[in-house]
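Grab a pencil and work through these exercises. Try each task yourself before you read the solution.

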Amino acid sequence: MRHAEVRYAERDGDYLAFTVFGEGPTDLAIPQSRFPIDLIWEWPHLATFMEALGRLARVITWDVRGFGASDEYLDSTASNTEVFADDMRAVLRAADSERASLFEMGSGGASCPSYAATYPERVQSLILVHVRRSYPELSGLSALQRKRFAMRLRSPERLRFENPRAAHDPVVQRWWGHATRLAHSPDQMARHIAGATTGREMGSVLPALRTPTLVLHRRENRVWDVETSRAAAGLIPNARFVELPGAENDIFLGDTAPVLAEVERFLAEPGPGVGLEHDRVLSTVLFTDMVASTEQLAARGDDAWRRILDDHDETMSRVVADYRGRVVKQLGDGILATFDGPARAVRCGAALLEAAHAQGITLRAGLHTGEIELRASDVAGIAVHIASRIAALAD
C-alpha cells in the first residue's frame, strides 16, 4: 500500500484532493492539515503508520483548504468550521461513505469536533489528539506576527521542540523540511492561523458532543499540557481519555504501538446505530422580532397589518433558505430559525434586517450557538433561551 491514487472531490467549482486506501470494516476519515497526502508514502514513519490504520479501517484522507493539492478558499466571510463541514461532506460523498469515524491527527483541531456535534448522525465515532478547549495564544496576533509564527512552525528548531526524540534522524529532518514547504506557503499558513483563531474556542462544542470519543495525549508532550487536555476531555460526554508514554507531538512518530492499539480497540467497540435518533445537536439559533409591532398594528389596521405580516413571513422564509437555514416556526411578528454554522446565521441575520427595512419594517435579531434539543416541530434547550434573550437586548 505504499502508494494510493489521488482523486478530486468537487464542491461549488472548487476541488479537494483525497485518497482512499485500506479494507477495514469501518470508514475512517482523516483531514490532513500538516503534510500533503501526496507525500504520505514517501516517509517511512508516516507510511507505516497509515498502512497500519488501513488494516483497521477503510481510510479516507484529504488535503484541507489551503494545504497540499486542494484549492484555497478565499471567501473571508465564511468560518473555518463551516467550510470544513461542507468540504468533508463533499469528500465523503465522492468516496462513497455515508458514515465515518473521524480522526483528527493534528494536535488540538476543532474542525472534527464541530462537525460531529453538528451532524451526529453522520459520525460513527471521534478520535482526537492533544485536545484543548481554547487557544488564547493565537488571538490578537497582527498579520506580521502570524507570518513570523508560521515561519517558526516550519523551522528545524520547531521540529526538535515538537518531536525531540525523532528530530535527530536525518530522514525525518529532510522529509519534514520538504513536506512543510510543499504543504503551504508562509502566507497561506498565516491566513490559516487567522481563520483558526475564530474557530478554536470549543467551550460550547465539547459538551455538545454525543459521539463516542477517544482522546489521546502523550504525557511528555512539550507543546500541549496533559492536564489541559484532560480537562477538555472531561467536558465531552462519553469520552475516554488515554494518557500515552512518549513526547512526540506528531502521533505517527515515536512509539506508535500504544497509539494503534488504542485506536484498534476503540474502532472495534460498537457505536450508536445508524438508525439511532439524534435529538441533541450543536446549532446556531436565530430569533427575530419586529420593533413596536403593536403600535404599527394600531396605526395601520388589522387588514393592512395582516398583509404586511404575510409578505414579511414569505420574505423571511426565502432569505433563511438562501443561507441554508431552517425556519422552525413563525412567531407572529418574528421567526425562530436554526443554522448549521454561525457565520451563515450572522450573515442571514443582517440580510433579514435589510429585507425588512425595504418593507418599511424595523427588525431586531439575536443569535446564539449551543446545544439544542430537536422536537417534532420545535427546538428547545438553554441555547434557544439565550438566543431569545439576546434578541430582546437588540436595539
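**Exercise 1. Which residues are linked in a network of salt bridges?**

Solution. Before you start, note that this is a predicted model, where local features need pLDDT of at least 70 and side-chain atom pairs count only at pLDDT 80 or more, while totals for chains, interfaces and linings use all residues. Residues are numbered from 1 along each chain as its sequence is written, and side-chain values use heavy atoms, with hydrogens and water left out.

Step 1: A salt bridge is a side-chain nitrogen of Lys or Arg within 4 Å of a carboxyl oxygen of Asp or Glu.

Step 2: list the members. The network links Arg11, Asp12, Asp14, Arg65, Glu82, Asp86, Asp87, Arg89, Arg324, Asp340 and Arg344.

Step 3: look at the total. Searching the whole structure turns up 30 salt bridges.

**Exercise 2. Find what the salt bridge between Glu162 and Arg34 ties together.**

Solution. Step 1: check the distance. The two side chains, Glu162 and Arg34, meet at 3.0 Å, N to O.

Step 1: Helices (H or I, at least four residues) and strands (E, at least two) are DSSP runs, numbered from the N terminus. Glu162 sits in helix 5 and Arg34 in the loop between strand 3 and helix 1, so the pair ties together parts that are 128 residues apart in sequence.

Step 2: check the cover. Buried means under 20% relative accessible area, exposed means over 50%, and partly exposed is in between (1.4 Å probe, protein chains only). Glu162 is buried at 4%, while Arg34 is partly exposed at 25%.

**Exercise 3. How many residues apart are Glu227 and Arg230?**

Solution. Step 1: find the two in the chain. Both Glu227 and Arg230 belong to helix 8, and they are three residues apart, about one turn of the helix.

Step 1: look at the contact. Their side chains form a salt bridge of 3.2 Å, N to O.

Step 2: read the accessibility. Glu227 has 45% and counts as partly exposed; Arg230, with 33%, is partly exposed too.

Step 3: Arg165 and Glu220 meet at 2.7 Å, N to O. Arg165 lies in the loop between helix 5 and helix 6, and Glu220 in the loop between strand 7 and helix 8 (226–233), so this pair ties together parts that are 55 residues apart in sequence.

**Exercise 4. Classify the ring pair of Phe35 and Phe252, then that of Trp43 and Trp175.**

Solution. Step 1: know what to look for. A pair of aromatic rings is described by the distance of the centres and the angle of the planes. Rings of Phe, Tyr and Trp (its six-membered ring) pair if their centres lie within 6.5 Å; planes under 30 degrees apart count as stacked, over 60 as edge-to-face and the rest as tilted. The structure has nine aromatic pairs.

Step 1: take the Phe pair. The centres of Phe35 and Phe252 are 5.9 Å apart and the planes stand at 75°, so this pair is edge-to-face. Phe35 is in the loop between strand 3 (27–32) and helix 1 (44–56), and Phe252 in the loop between strand 8 (239–244) and helix 9 (257–268), so they tie together parts 217 residues apart in sequence. Both Phe35 and Phe252 are buried.

Step 2: take the Trp pair. Trp43 and Trp175 are stacked, with 4.0 Å from centre to centre and 25° between the planes. Trp43 is in the loop between strand 3 and helix 1, and Trp175 is in helix 6 (residues 170–183), 132 residues away. Trp43 and Trp175 are both buried.

Step 3: Phe35, Trp43, Trp175, Trp176 and Phe252 make up one aromatic cluster.

**Exercise 5. Is His217 buried or exposed?**

Solution. Step 1: locate His217. This residue is in strand 7 (residues 213–218).

Step 1: read the value. His217 has a relative accessible area of 0%, so the residue is buried.

Step 2: check its surroundings. Across the 395 residues of the protein chain, 53% count as buried.
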